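Here is a short report on charged side-chain pairs. It asks where they sit and how exposed their members are.

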Amino acid sequence: MEKRYSEMTEHELRQEITTLNDKAKKAEQMGMVNELAVYERKIVMAKSYLLDPDDFKAGETYELNDGEGTSFTISYMNGIFAWGYREGSDRQKEEEAFPIALLIK
C-alpha cells in the first residue's frame, strides 16, 4: 500500500519526486501527453509538501508559476493549498486553489 505524500518524510518525498521526474521524461519521449500532465501534477503536489504552508500568508500576492506571469492573491490557506484570486483576469473573478509549490514570491 502506497503512502500519502502527507505521511512521507522529506527524504521519501525527494525520492518520489526523482522517480516521478524519470517517469515524466519517459512519458514525454513516448508522446504520452496525458500521462506527462499527471506526473507533472504529482511532482507539484510532492514539492508542496516540502514547503512550509506557514510561509504563505493571506493577503499576500505571489506570481503563479504558470508561464504567463499571472499574479495571485491569497485569501486563505487550507493545508498545502492557497485559495484566492488571480489578478488582471478578464473573466469574472472566481476563487481558485493552487498548491503552494506553484507560487513564487
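This is a predicted model: local features need pLDDT of at least 70, side-chain atom pairs count only at pLDDT 80 or more; totals for chains, interfaces and linings use all residues.

A search of the whole structure returns three salt bridges.

| Pair | Closest N and O atoms |
|---|---|
| E12 and K3 | 3.1 Å |
| E96 and R86 | 2.8 Å |

**E96 and R86.** This salt bridge has its closest N and O atoms 2.8 Å apart. E96 lies in strand β4 (residues 96–99), and R86 lies in strand β3 (residues 81–86), so the pair ties together parts that are ten residues apart in sequence. E96 counts as buried, because its relative accessibility is 17% and the cut-off for buried is under 20%. R86 has 22% relative accessibility and counts as partly exposed.

**E10 and R14.** Both residues belong to helix α1, which covers residues 10–29. They are four residues apart, about one turn of the helix. E10 is partly exposed, with a relative accessible area of 49%; exposed would need over 50%. R14 is also partly exposed, at 46% relative accessibility.

**E12 and K3.** E12 forms a salt bridge with K3, with 3.1 Å between the closest N and O atoms. E12 is partly exposed at 26% relative accessibility. K3 is partly exposed too, at 41%.

Notes
Residues are numbered from 1 along each chain as its sequence is written. Side-chain values use heavy atoms; hydrogens and water are left out. A salt bridge is a side-chain nitrogen of Lys or Arg within 4 Å of a carboxyl oxygen of Asp or Glu. Buried means under 20% relative accessible area, exposed over 50%, partly exposed in between (1.4 Å probe, protein chains only). Helices (H or I, at least four residues) and strands (E, at least two) are DSSP runs, numbered from the N terminus.
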